[in-house]
Amino acid sequence: MDLKAAIAAVRFGQGRRPGDPIPTDPVAWLDSQLAPGLPGPALPEDLPKDLPALYLAAAEDTERLRTGGQGRPNQQLINRAETTAALGLEIAGDQGFRERLASFWTNHFSIARSRVQYVAGHYVREAIRPHVTGRFEDMLMAVVRHPAMLGYLDNTASVGPNSPAGQRGRRGLNENLAREVLELHTVTPASGYGQADVTAFAAVLTGWSFDGARPPYGFLFRPNAHEPGEKTVLGRRFAEGEQGGIAALHFLANHDATHRHLATKLVRHFVADDPPPAAVQTIHGVLRDTRGDLGAAAKALVRLEAAWDPPLGKFRSSHDYVVAALRALEAPIEVADRAFGGLQYLGQPMWNPPAPIGFPDTSRDWAAPEMMVRRIEWSNGIATRGAGRDAAALAEAVLGPLCRPETLRAASRAGSARDALTLVLTSPEFHRR
Amino acid sequence: MSAHQPAFGRRTALLGLAAALTLPRARVAFAEAPGEARLAVVLLRGGLDGLFAVQPYGEADFRELRGGLALPEPGQEGGLLDLGGRFGLHPRLTQIHAMYLANEALPIHAVAGNWRSRSHFTAQDLLESGADHLMSSGWLNRALSTLPARPGAQPTGLSVGTDLPLMMRGPTRVGTYAPRGAGTPPPDLLARIAELNAADPVAGPAIAEGLQARGYAISTLGMDATARPQPGGAFRALAIAAGRLLAQPDGPRVAAFELNGWDTHSAQANRLNAPLFQLDEGLGALKEALGEHWRRTAVLVVTEFGRTVRVNGTGGTDHGTGGVAFVLGGAVAGGKVGGAWPGLAQGRLFENRDLAPTTDLRSLAKGLLRDHLGLPGQAVARAFPGSEAAAPMAGLLRA
């Protein structure tokens with residue numbers, strides 16, 4: 001395997017399974033994963049999948065509890081099926097680059113699974129995945145209109161003070177969603193917005209809500225809670241009503257500060273903890289020139305010279321690490337369940353970051369002492385899967401020229417095949433991408 | 001398979017196994033056998049230094065050849081536990097010593113398999129295959145195949161393991177406890193991982209600090225003789241669980257354990273403290289958990305090879321040939337050191353470096369299969385094809 005093929009698999013993909021074909025043209029291989037219509041996670045036939053079915057399942061659970069039943073079996077079922085299907089695609093699939101992009105954008109628009117039960121999987125499937133190679137503004141719109149985000153960041157509770165509902169009750173604005181969209185998802189404080197902009201944008205978004213109890217389910221604009229009048233955000237005026245919010249999101253999505261922010265994050269994720277300014281500039285230019293075409297940005301990332309420079313400077317997040325290790329051991333799709341527990345143990349619970357900013361993305365964050373020891377323990381546990389395998393051959397098939405002779409030597413001296421595999425999986429190069 | 005799930009669930013709950021079995025350094029697999037005799041096989045992966053575990057302190061050349069690996073004689077501080085005036089047991093092996101004194105432990109010296117490979121993987125493969133070539137099934141499994149089921153025995157499909165030691169793979173239905181979740185690798189492997197990462201500016205310091213914080217101070221990594229290992233560990237937990245299962249009337253009759261961490265190329269005197277202690281604690285716990293069934297039990301402890309007689313340049317030993325095996329249990333005719341002792345004098349060593357093998361490991365195993373489990377000759381032959389030259393060893397068991 002040549003160096004470029006090895007880098008393509010770990011830097012842009014999720015690591016090789018030993019039997020994966022070695023692409024002769026790694027860039028073309030990565031490009032091919034950006035085509036529309038590639039399969040998503042395979043969910044069980046009978047699982048509630050769309051919002052009406054999901055809300056019905058939630059209602060069933062609630063009714064069961066109300067009538068003296070125990071637990072929320074539907075919630076458990078949906079949670080498990082959604083997370084294992086998504087993880088299964090990562091572990092056994094062959095679109096690592098696309099999956100990495102899906103994870104990146106899911107993390108960019110973080111929700112907490114534990115706070116938005118039933119609909120977290122739907123959110124990733126419907127608001128994130130269809131747009132990872134599409135337009136950023138479409139993704140932003142889908143995200144902000146999704147019940148998961150509207151619920152997670154409390155917009156459903158936000159009421160315009162001068163709206164009919166505001167006039168009647170004591171409720172008022174909740175700035176949470178508006179602030180995070182500005183700060184984390186789009187323009188960032190670098191754009192120079194102030195508190196007035198946050199308040200105004202929150203007013204723009206009043207009435208953006210959902211109804212899980214009756215048709216049409218999902219997103220619902222509630223004029224009753226909407227703050228009347230025109231609002232000004234970042235010097236732009238937005239009309240009263242749902243259309244004002246749509247216009248504001250289009251404006252923010254295509255703001256130059258947003259493009260710079262996204263370019264910086266993408267380059268930090270795929271190239272280096274300290275993003276090289278020239279690379280950021282390149283991606284920034286692509287986003288600006290294409291009005292936020294994320295597929296074009298992904299293609300440009302792959303063509304950044306800096307992204308192919310060994311040694312690999314990025315440290316795998318726990319999620320990347322778990323997926324890469326299970327791929328290396330050719331784990332069957334059924335272990336997705338176990339991967340879920342591994343993610344929990346290694347500090348990156350699936351779709352459940354501690355805060356809206358999502359999981360961090362630098363080595364400092366992932367190479368914490370306790371987490372490194374846990375990676376060793378976890379690897380040693382799953383290395384039982386590799387019984388009978390030759391660790392050196394596996395290292396060669398998975399890492400190619402990225403594997404150091406020291407690691408091969410240590411593996412060859414290990415006391416058992418399992419120890420040898422553990423040594424490969426805990427080598428410095430395996431922690432990197 | 002689903003029909004067996006409830007049994008697993010019931011036993012898990014019954015025995016409180018779930019927590020005990022989450023530590024992955026040791027594994028156990030179970031199988032059924034006719035009759036009431038219990039057999040446990042413990043495979044020490046990595047190559048136990050037999051001359052360190054059972055030291056021929058009465059041998060003239062011993063101290064000179066072994067240098068720092070020769071421990072003080074019995075009766076001295078930190079000295080060996082005496083095995084009848086010629087051999088001494090490593091001082092961490094107190095429970096095995098107690099069994100020896102009760103005539104329940106039979107250490108056998110200068111044992112080797114039917115291979116002369118010093119490769120861990122080749123040697124383990126052949127040891128587990130029970131043949132002179134790698135097979136897809138293991139000797140213990142083949143020995144038990146085609147035997148009639150014991151009336152009333154629970155099917156042994158206790159759980160589906162992520163994998164199975166080769167020794168137990170084959171046509172016979174086998175249950176395993178595959179360790180799940182987190183657990184602690186042995187100090188030896190941790191030390192290697194720390195070393196492999198040491199030069200890395202990110203992973204190196206993080207791993208070192210993490211291990212320190214977890215209490216694996218430099219000492220437990222084998223560099224300080226004063227630290228006392230903590231009791232227990234994965235093997236003990238597994239042994240207790242396995243002992244309780246084996247003790248049940250409808251439970252399995254055969255258990256196969258694996259225990260890693262014996263490959264001591266450096267600082268062996270310190271590094272073996274913890275694994276020996278763990279082995280000893282586990283065997284003691286197995287005995288206790290078996291209760292009255294201990295008297296129907298034989299435990300065979302084997303490793304893939306012994307290690308060099310001479311100490312290497314880093315206070316350790318390299319891969320060798322003749323090693324030690326233990327046969328333990330209430331059914332065992334113990335209280336002596338078995339095997340023909342080849343001696344350590346000039347010209348007696350195998351290839352001038354290793355203890356010369358005098359006992360074929362297959363003879364030991366065949367003796368137990370025939371005389372302890374009472375298996376027909378056919379089954380024993382199936383277990384060890386082509387082993388006609390290695391006759392079953394007689395006299396391993398109490399009359």
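Author: In α6(A), the buried residues are A:A120, A:G121, A:H122, A:Y123, A:V124, A:E126, A:A127 and A:I128. Keep in mind that this is a predicted model. The helix spans residues 120-128 of chain A and is mostly covered, with 8 of its 9 residues buried. So what does the covering? For the buried residues of α6(A), the cover includes α3, α4, α5 (96-108), α7 (136-144) and α8 (147-152), which belong to chain A.

The axes of α3 (residues 51-66) and α4 (residues 73-92) of chain A come within 7 Å and cross at roughly 140°. An angle over 145 degrees would count as roughly antiparallel, and α3(A) and α4(A) are therefore oblique to each other. On the α3(A) side, the residues that take part are A:L54, A:A57, A:A58, A:E60 and A:D61. Their partners in α4(A) are A:P73, A:N74, A:Q75 and A:I78. Sorted by class, the residues of this contact come out as 5 nonpolar, 2 polar and 2 charged.

Further along chain A there's another covered helix, α22 (residues 417-425). Here 9 of the 9 residues are buried, so α22(A) is largely enclosed by the rest of the structure. The buried set takes in A:A417, A:L421 and A:L425, and also A:R418 and A:D419, among others.

Now for where the two chains touch. The contact takes 33 residues from chain A and 36 residues from chain B. On the chain B side, the elements that give two or more residues are α6 (120-129), α8 (187-197) and α9 (203-213) of chain B. Of these, α9(B) gives the most, with 7 residues. By class, that side of chain B has 17 nonpolar, 12 polar and 7 charged residues.

Chain B also has a bit of sheet to look at. It's an open sheet of 3 strands in the order β3-β5-β4, with antiparallel pairing. The edges are β3 (54-55) and β4 (81-82) of chain B; each has a single partner strand, so one side of each is left without a neighbour in the sheet. In general, strands of a sheet pair through backbone hydrogen bonds, either parallel or antiparallel. β4(B) is joined by 2 bridges to β5 (residues 88-89) of chain B, and the two run antiparallel.

Definitions and conventions. Residues are numbered from 1 along each chain as its sequence is written. Chains are lettered from A and ligands numbered from 1 in the order in which they are written. This is a predicted model: local features need pLDDT of at least 70, side-chain atom pairs count only at pLDDT 80 or more; totals for chains, interfaces and linings use all residues. Two residues are in contact if their C-beta atoms, placed from the backbone, lie within 7 Å. Helices (H or I, at least four residues) and strands (E, at least two) are DSSP runs, numbered from the N terminus. Ala, Val, Leu, Ile, Met, Phe, Trp, Tyr, Cys and Pro count as nonpolar, Asp, Glu, Lys and Arg as charged, and the others, Gly among them, as polar. Two strands pair if DSSP finds at least two bridges between them. Axes are lines fitted to C-alpha atoms, for helices over the stretch in contact, and angles run from 0 to 180 degrees between N-to-C directions. Angles under 35 degrees count as roughly parallel, over 145 as roughly antiparallel, 65 to 115 as roughly perpendicular and the rest as oblique. A residue is buried if 20 or more other C-beta atoms lie within 10 Å of its own, exposed if 12 or fewer, and partly exposed in between; C-beta atoms are placed from the backbone.
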